[in-house]
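Have the sequence and the 3D view open as you read.

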Amino acid sequence: MDSKETPIRIEHREALAYLLTEAAEIEHGLMGCYLYAAWSLGARDTNRPHGEAIERWRKVILEVAFDEMQHLASVANLSNAIGAMPHYQRNNYPVAPGYHPAGVVVSLAPFCLATIEHFIYLERPEGSEDPDGAGFTSPANYARGGREDRLVPGAHDYKTVGHLYRGIEEGLAHLAEKLGEANLFDGDPRLQLDGKLLAMPAVTPITDVASARVAIEAIVAQGEGAAGCPEGSHYMRFVGVRNELRAILAKEPDFSPASHRATNPVMRKPPIAENRIWVDAEPAASVLDVGNALYVFMLRGLGTLTSPVALNPIARSLALQCALQGMRVMSPLGELLAELPASTTNPDVKAGLTFTMSRSVTPMPEPRGALRSLHENAASIAIGLRKHVVPLAPALEGAAAAIESLAKELADAAEEAVAPTLDGAPAPKKKLPIAPADYNPGAIEVVNGEKITILYEGKRCIHTRHCVLQTPGVFLANVKGPWIHPDDAEIEHLVHTAKDCPSGAIRYERHDGGPNEAPPDVNVLRIREAGPYALNATTNLIGHGPLLRATLCRCGASQNKPFCDGSHHVIEFDATGEPTTRESKPLDVRGGDLEVRPLENGPLQVTGPLEICSGTGRTVDRLNGVRLCRCGGSATKPFCDGTHAKIGFKSTNEPTIPPGEVSASQPNAVRLGSKI
């Protein structure tokens, strides 16, 4: 730590919780600043002057904003770990001087050289002397002067965000020694966010000092105060943008890719108009209202996801969907606002999302209230999208429909939750169960019936809902306690339902003398529209043993590779399920053993007979070996074209063989003319 920076000392849990609250507000605030600057670059067009450079800059800023979202989730984990409530509140932009340390100015500004220099200043490592961007210097050199000897915690000063996190890290270690590690980390571990759930790989559960240090070091190394300033850090990435922008400005001083975008737009008429743009022009004002409602909806979803309400698995799943839907739709709304006139008095200025906060985003403390609140928000947002946004951006009709559908799910779940009573009346019969202490969403449920046993592996489920629609008496949605009842349907009908499960999440074992599931006569891989591969074959999936049915990721984003986990919805994967038919001849052998080997950071290597079909059943190709794209980037989908190497695709925790090797069991398995 720089000798000029006063150490931050923490002597009690309340002070640590206070400091984590400030860290959450910093991460949250910077995320909005970065998103605003990225969206201010306007429509994506690589053909405009310096279009390719602009798109690189947008990508860098958006990726850093995503990292800040991961940091906010990690701080939520830290808070929950020590028994404090995760904090998603913050002051509205622009944040008043003195709320953060004097050098931390948090405001919404469009992309320009001064803005990038400000981002560099915010992300600078400890001991750095980088100057702040022009116009961002705080007008008052206010010293907050928090003291560790006070019972009521106060705000500490720090020069860098890295300094703040060092104080948190040292405070955790000190309190663990002072109070006992088990006493300090007394939060319910079931409330910890996991990157696999959120599609955020940097987010890891925190249950002790060691895991807390891992999370904090990841935040610091990623950008805020990283010693040595690695090339991939936020600081160095912003330096790269600045240097490229400076080179262009040296030759073209008038270059301004985000000209006429508002600085510090606000949703409501401000009492102090200086340095603010009131967005009062239509349609921008109405679009902004929908955008901010969506933003608060996302925060309420996150709050619910990290609250005790999420101890029941149904509420947890729905809260996650609220957060992800909010994140997904905010980006196109932010870009749309950047193209709309903001002000009736200054029509040349374009608007932008203001990220206006509600006075509270804390979820209701019980499931019915929390879910009903989210339902009402979702229903209103769907109406607002259709009324104010879809007429300007028809492509967002799908987003409106998705949020409307989510609202219905939330309403149904709320009706089955327990409502608090004041008169001693009995609770409704149906309710959302609180998860038992050993709740594990990835476990295999084994449910024995009189004639058949059903096995359900939730981690592989992709929610096609064939089970609850075909045999609703057996597979019950949104119920308390047991939800699979094998004896409530004719056994042949139940067997048919199980075989219709494309992911293999549902399997069965008969004990009535009837046959168990037989290998298919033809090994078939079906390509789902904008989704995974659905495989039905006698398959040896390396690392996962034999199976007959599976849905395998092809978007590259799954956190449960090689299986699909629904991440294609999160990243809005766009890939046809109807690729062009390739000329092929009938296979001599259409069934039999098939080997699927996920190659490290590469495609799925398939050896053995396989017929690839479109989503509608049309034959795409018939072959005895192939490499299938799973990075999501191939131009010859579903076949690999080597794009995974160009885009740096990464796979993790999978048994592999080196790229280029062929299975010894099928040395000539690759079809002549196929992409290798």
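In which sense, left-handed or right-handed, does H3 pass H8? The crossing of H3 past H8 is left-handed, a term used when the near helix is turned anticlockwise from the far one by less than a right angle, with clockwise giving right-handed.

Before going further, a word on the basis: this is a predicted model, in which local features need pLDDT of at least 70 and side-chain atom pairs count only at pLDDT 80 or more, while totals for chains, interfaces and linings use all residues. Residues are numbered from 1 along each chain as its sequence is written, and side-chain values use heavy atoms, leaving out hydrogens and water. Helices (H or I, at least four residues) and strands (E, at least two) are DSSP runs numbered from the N terminus.

**Two helix pairs**

The axes of H3 and H8 come within 9 Å and cross at roughly 160°; axes are lines fitted to C-alpha atoms, for helices over the stretch in contact, and angles run from 0 to 180 degrees between N-to-C directions. H3 and H8 are therefore roughly antiparallel, the word for angles over 145 degrees. Contact means heavy atoms within 4.5 Å. On the H3 side, the residues that meet H8 include Ile116, Phe119 and Ile120, and their partners in H8 include Tyr235, Phe238 and Leu245.

H1 packs against H3 at about 155°, with the axes 12 Å apart. That makes this pair roughly antiparallel too. Leu30, Cys33, Tyr34 and Ala37 of H1 touch Thr115, Phe119, Leu122 and Glu123 of H3.

**Helix spans**

The expected span is 1.5 Å times one less than the number of residues.

| Helix | Residues | Length | Span | Expected span |
|---|---|---|---|---|
| H8 | 234–251 | 18 residues | 27 Å | 26 Å |
| H4 | 161–179 | 19 residues | 26 Å | 27 Å |

After H4 comes Gly180, with a positive phi near 100°.

**What is buried**

Buried means under 20% relative accessible area, with a 1.4 Å probe and protein chains only. In H8 the buried residues include His234, Phe238, Val241, Arg242 and Ile248. Helices H1, H2, H3 and H7 are among the elements covering the buried residues of H8.

Further along, Val620 lies in strand E11 (residues 619–628). Val620 counts as buried because its relative accessibility is 0%. Its contacts, leaving aside residues up to four places away in sequence, include Pro579, Arg582, Ile612 and Cys613. Val620 and Glu583 are 37 residues apart in sequence, and their C-alpha atoms are 8.2 Å apart.

How values were computed
Buried < 20%, exposed > 50% of the residue type's maximum accessible area, 1.4 Å probe, protein only. Parallel < 35°, antiparallel > 145°, perpendicular 65-115°, else oblique.
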